[in-house]
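Here is my note on this structure. Please keep the model open while you go through the points.

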Amino acid sequence: MRNFFLVRNRLELHYLRLLVLSLILPTLLVGGCLYYLIFYLLAEQIGIPEAVVEQLSPVVQKVNIFLMVSIPILFLILISIGIFLSRRLAGPIERLENELDGIVTGNLMSRRLKVRKGDELKPMVDSVNILLDKIEKK
Amino acid sequence: MNRLRIKILIGILVLLIIVFSADRIFNFYKIASCLFPPKETFATVKSFSFSDKNSLKEWSEKILKGRVSYTVESQLGESYVHAVSDNACSAMYYQIRLDANRHPFLSWRWRVAAFPNKTCPDNLSSKADDDYAARLYVIFPAIFFANSKALEYVWANDAKPGTVVSSPYSPNIKVIVVESGQKEGWEEEERDIYKDYVAAFGSRPMLAIGAISFMCDSDSTKSKAETFFDDVKIFYKK
């Protein structure tokens, strides 16, 4: 049965940290650069200092309010994506580790590892099963 | 290993903060400019005598409300820009890169034929009366526009020459009254931008000059204004 804790083990936490950082940092960097670039170009286009202040200040206020609302939502979405992906990456490894632990501690050489359909670890699991076959035959 | 990475990240952040703070105090740009004097990056002299009809092609027009008529005219062998504003506000704008800390000078000639009809001619702090027959800007653009600064040399209706006030739009725009009231003939001006900046803002310029601009406007007062500009020149004194 699956459990539904947000982060279940150290490996998942490690992946989650990497994923969230690799999602959030570029987002912040590109967003920040765009934010400044757009206002810089607009200010240059308007030219007259009074007009720049008069016309762009209300726009900045509205954009800032929008960002204050949207950035926490965006972070929640990115963290959710991070949790989902980290689980997809760490889940099979964790399962394999548990099954191998079970075989080693219980000395159950007749037991074979199982993988879910489409699991990326299938070639490795097949190899381990062949190895277990050979050990059992000896 | 992870702790090491976090320490490296924190170290980089702290280093950036220290460099940024030190730059605010010591102005590395100025030190670098002294050690490696710029040759082609900064214009040493730019002069506009408006001697032919296409002289204004180098300038771009920035329109805020309506279009002020800026035309190059000649009379008695003398050519100049004739600006006529009828309830309009637009400026001629020229991008130029200059190090304000090297004491650049701005000189020009101007003459006012008609002033905008202000309700309170000597009030420089009212948006409703923020019209001048003639003004020249020196603009110091920042990455974020709210940090940009500007010096604004104006020919006011009735304010005392030498008056320096903040624009009603932003404390980062300083209005400097150079001439005031009706005068016969041309007036010649020469301003040390660095000195004016320090006097107006109380600190040396941290930003390079990015543009100069001249304008005649009368949109706030919904009236008419007419001005002549000539010999706009930006230079470093030897």
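1. Domain bounds here come from an automatic or database domain assignment. On that basis, chain B splits into domain 1 (1-37) and domain 2 (39-236). The centres of domain 1 of chain B and domain 2 of chain B, taken over C-alpha atoms, lie 37 Å apart.

2. This is a predicted model: local features need pLDDT of at least 70, side-chain atom pairs count only at pLDDT 80 or more, and totals for chains, interfaces and linings use all residues. Residues are numbered from 1 along each chain as its sequence is written, while chains are lettered from A and ligands numbered from 1 in the order in which they are written.

3. The model has an ipTM of 0.71 and a pTM of 0.74. For chain B, pLDDT (the predictor's confidence in each residue, from 0 to 100) averages 88. In chain B, 91% of the residues score at least 70.

4. Where is confidence lowest in chain B? It is lowest in helix 2 (residues 28-35) of chain B, with a mean of 66. Helix 3 (residues 193-201) of chain B is highest, at 96. Where pLDDT is low, the predicted coordinates should not be read in detail.

5. Chain A has three helices and zero strands. Helices (H or I, at least four residues) and strands (E, at least two) are DSSP runs, numbered from the N terminus. Along the sequence, the pattern of chain A is α-α-α.

6. The C-alpha trace of chain A spans about 90 × 25 × 20 Å along its principal axes.
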